[in-house]
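Please examine the sequence and the model shown here.

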Amino acid sequence: MSAIFYHDEEQKKLAEQTRNEHQKTLRRPIVTKILPAKRFYDAEDYHQKYLLRQKPSLLRSLGLNSVELINSSVVARLNGYMGGYGSLKDFEAEVDDLKITDAQADMVRKIISSKRF
């Protein structure tokens with residue numbers, strides 16, 4: 001499940017505004033739920049970054065342990081691209097900030113280019 005959890009009404013309002021603005025740029029509906037934060041449990045390891053896990057060679061190349069995999073914002077971004085949430089143009093705009101190797105970037109480009117939505 002894709003979700004944004006908020007702690008107060010201001011966070012809820014910002015999340016809804018962001019979703020609504022971004023929705024204007026997309027054809028398919030945003031399905032991310034916006035929910036109040038409650039007690040939170042990490043999913044089992046095999047669920048972490050599930051979409052990226054479907055590309056084992058890319059995942060292995062990152063060389064991350066379980067904690068790094070959960071906490072890395074770079075891995076979160078890559079996981080999104082693996083699910084088709086971002087275009088090649090989007091990736092190129094941020095690839096330098098991701099600080100991944102050229103070989104990893106090429107793997108991501110190939111995967112993004114092969115997606116058919």
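**Burial and exposure in the predicted model**

Q: Does Gln 48 count as buried or exposed?
A: In this predicted model, the relative accessibility of Gln 48 is 9%. Buried means under 20% relative accessible area. Gln 48 therefore counts as buried.

Q: Where does Gln 48 lie, and with which residues is Gln 48 in contact, leaving aside its neighbours within four places in sequence?
A: Gln 48 is found in the loop between S2 and H2. Once neighbours within four places in sequence are left aside, its contacts are Asp 42, Ala 43, Arg 53, Leu 69 and Ile 70.

Q: Is Phe 40 buried or exposed?
A: Phe 40 is placed in the loop between strand S2 (33-36) and helix H2 (50-53). Together with Met 1 and Phe 5, Phe 40 forms a nonpolar surface patch of about 390 Å² accessible area. The relative accessible area of Phe 40 is 59%, and the cut-off for exposed is over 50%. Phe 40 is therefore exposed.

Q: Which residues of H7 are buried, and what arc do they cover around the axis?
A: The buried residues of H7 are Gln 104, Ala 105, Val 108, Ile 111 and Ile 112. They lie on the same side of H7 because the arc they cover around the axis is only 125°.

Q: Which helices do the buried residues of H7 pack against?
A: The face of H7 turned away from its buried side carries the exposed residues Asp 102 and Lys 110. The buried residues of H7, in turn, pack against helix H3 (56-62), helix H5 (73-82) and helix H6 (88-98).

Notes: Residues are numbered from 1 along each chain as its sequence is written. This is a predicted model: local features need pLDDT of at least 70, side-chain atom pairs count only at pLDDT 80 or more; totals for chains, interfaces and linings use all residues. Side-chain values use heavy atoms; hydrogens and water are left out. Patches are made of residues with over 30% relative accessible area and no salt bridge: like charges are joined within 9 Å, nonpolar side chains (Val, Leu, Ile, Met, Phe, Trp, Tyr) within 5 Å. Accessible areas come from the Shrake-Rupley method with a 1.4 Å probe; for residues, only the protein chains shown count as cover. A salt bridge is a side-chain nitrogen of Lys or Arg within 4 Å of a carboxyl oxygen of Asp or Glu. Helices (H or I, at least four residues) and strands (E, at least two) are DSSP runs, numbered from the N terminus. Buried means under 20% relative accessible area, exposed over 50%, partly exposed in between (1.4 Å probe, protein chains only). The arc is that of the directions from the helix axis to the C-beta atoms. Contact means heavy atoms within 4.5 Å.
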